[in-house]
Amino acid sequence: MGKEFDIIPRAVPPVETKYRRIVTSLPHPDSLPTLEKLRQFEPQSMRGQPPLVWDRAEDIFVYDKYGNRWLDWSSGVLVTNAGHAAPEICQAILDQVQSRLLHNYCFPSEERAALCECLANLAPEGLRKVFLLTTGSEATECAIKLARAHGIRVGGRKKIGIVGFERGFHGRTLGSQQAGGMAGHKHWIVNLDPAILNAPFPDGYWQEDTRFSVFLDAIKHAGFAPENIAGVMMETYQGVGPDFAPVKYVREMAEWCKQNGVALIFDEVQAGFGRTGKFWAFEHYGVTPDLICCGKGISSSLPLSAVIGRQEIMDQFGPGSMTSTHTGNPVCCAAALAGIRKIVSQGLTANAAALESVLLAGLQQLQQAHHAVIGHVTARGLVGGVQFMKWGRKEPDHDLAHNVIERCFHKGLLMFSPVGAWGQTVKIAPPLTIPRDGLEEGLAVLAEATAEAIDARYGKDRNDGSPENAVQKEVVP
């Protein structure tokens, strides 16, 4: 699900506030050659974001070259937890570059050793091995490999099943897309692995039955027994919401995994490093996984990911048989160490926790004002989501979500394109450095843009929610 944003420059009302400045048409006409060049040389899959040619980004702001400044609610897709271009991170990168060590493959380095130690010390007791990689997809692929290898080792070749969840997302590679539960992402695979299955995710909205027995029924229905399952991979929160599973469900799942020799994997790629008001999002459940996949906010800047896990699972492959070309790149490691230290020392996790009530209250007020088209809102820490529906129906509305984001862009509030199984969710993920008044200003902009988009779609003379009295119009920006 996706659509392009219009790149024809449009006159928009000027904006000048503490956190936003819009002083030109959008996109600026002088940025068109860059936009057109990207359309010429990149695949069309890269056209899904608002047409802002970034010039620089600092803390909670993104700038173009033409005097415009956006309040960033994207964090560059949940990466810049410590803020864009944090001075500490920039200095660490510069220092590392000036040391003349830019790459060292798997040869030992102090930088890699320091980051592995740092991550192991931040992980729960028992998870002491760290494998540094480059992307989230690479981390989840590695976790699938480790879980299946462990399953074969303890249960033979019949114990190879991997359970993911419907509407889940673990990346765009072969294994990660099969473990994920986005049906539209799998059509190209054709020969799906019969030992990778998806259980319903107990979000309480799309899947109303949140009992753990539903998980067990899904395994049985797929023709598997506990002795056939090697691993369970769950996003700590599903990014399409963000949706958390019930605590009781996850605790029962963790106990079931322990009893049946199943590796429990939490995908923390977008959830970790303070995003939810806990350093690791799985802390909300009070359980400890066997493997953690993390990335994005790990460096607040450069490409880096990691798998953190128990020694008996991580040490299954001998020297040289599980490596990666850019494992623990020293510049990326330096950035990650600086970013993690900032998150910890400056209390950014606590800031996310403190602002959760502000974010959630704002989204709940938005839903109450537009209950006919907003089906579900959620927030935890500084990640939130608004799921847009067709008027009065539990039917996703990608076009309305897209229009809301475009209007926010024109008003100086930046978010990435709609997410979700059907592209219905407007995702909110500012850097964890955002102050309360910045969050409140963004909520006001979102409310204004939402009202305008609904008026454009359905008209101002609608009633309080009866679909038979709503007149649907063409979505216009």
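1. In what order do the 3 strands of the open sheet with antiparallel pairing come? The order is β13-β14-β16. Strands here are DSSP runs of E with at least two residues, helices are runs of H or I with at least four, and both are numbered from the N terminus. Two strands count as paired if DSSP finds at least two bridges between them.

2. Before you go on, a word on what you're looking at. This is a predicted model, where local features need pLDDT of at least 70 and side-chain atom pairs count only at pLDDT 80 or more, while totals for chains, interfaces and linings use all residues. Residues are numbered from 1 along each chain as its sequence is written, and side-chain values use heavy atoms, with hydrogens and water left out.

3. Strand β14 (residues 383–388) runs antiparallel to β16, and 4 bridges join them. Helix α11 (residues 348–369) lies across β13, β14 and β16, at about 175° to β13.

4. Now for the sheet of 7 strands. It is open too, its order is β6-β12-β11-β10-β9-β7-β8, and the pairing is mixed. β6 and β8 (196–199) stand at the edges with a single partner strand each, so one side of each has no neighbour in the sheet. The twist here averages 20° from one strand to the next.

5. You can see both kinds of pairing in it. β11 (residues 291–294) and β12 (residues 305–310) pair in the antiparallel sense over 4 bridges, with I292 standing opposite I308 in β12. β7 and β8, on the other hand, run parallel and are joined by 4 bridges, and V163 stands opposite L197 in β8. To get from β7 to β8 the chain passes through helix α6 (residues 174–179), and this β-α-β crossover is right-handed. That label means that, with the strands pointing away from the viewer, the path from the first strand over the helix to the second runs clockwise.

6. Next, the cis peptide bonds. As background, most residues other than glycine have a negative phi, and most peptide bonds are trans. A cis bond joins L26 and P27, with omega about -10°, and P27 is found in the loop between β2 (21–22) and α1 (32–41). Another cis bond joins G241 and P242, with omega about 5°; P242 is in the loop between β9 and α8. Also have a look at A85, which has a positive phi of about 50° although it is not a glycine. A85 lies in the loop between α2 (75–78) and α3 (87–98).

7. How many cavities of 30 Å³ or more does a search of the whole structure find? The search finds 2. On a 1 Å grid over the protein atoms alone, a cavity is a set of points where a 1.4 Å probe fits but cannot get out, whereas a pocket is an open set with protein on both sides within 12 Å along at least five of seven lines; lining residues have an atom within 4 Å of a point. Grid points are joined across faces, edges and corners, and a volume is the space filled by probe spheres set on the points.

8. The largest cavity holds about 50 Å³ of space, and its lining includes L26, P27, W70 and F409. The second largest cavity has a volume of about 40 Å³, and L26, P27 and F409 are among its lining residues.

9. Last, the second largest pocket, with a volume of about 390 Å³. It is lined by 17 residues, and V130, F131, M314, D315 and M322 lie nearest its centre. β6 gives the most to this lining, with 4 residues.

Technical notes:
Axes are lines fitted to C-alpha atoms, for helices over the stretch in contact, and angles run from 0 to 180 degrees between N-to-C directions. Contact means heavy atoms within 4.5 Å.
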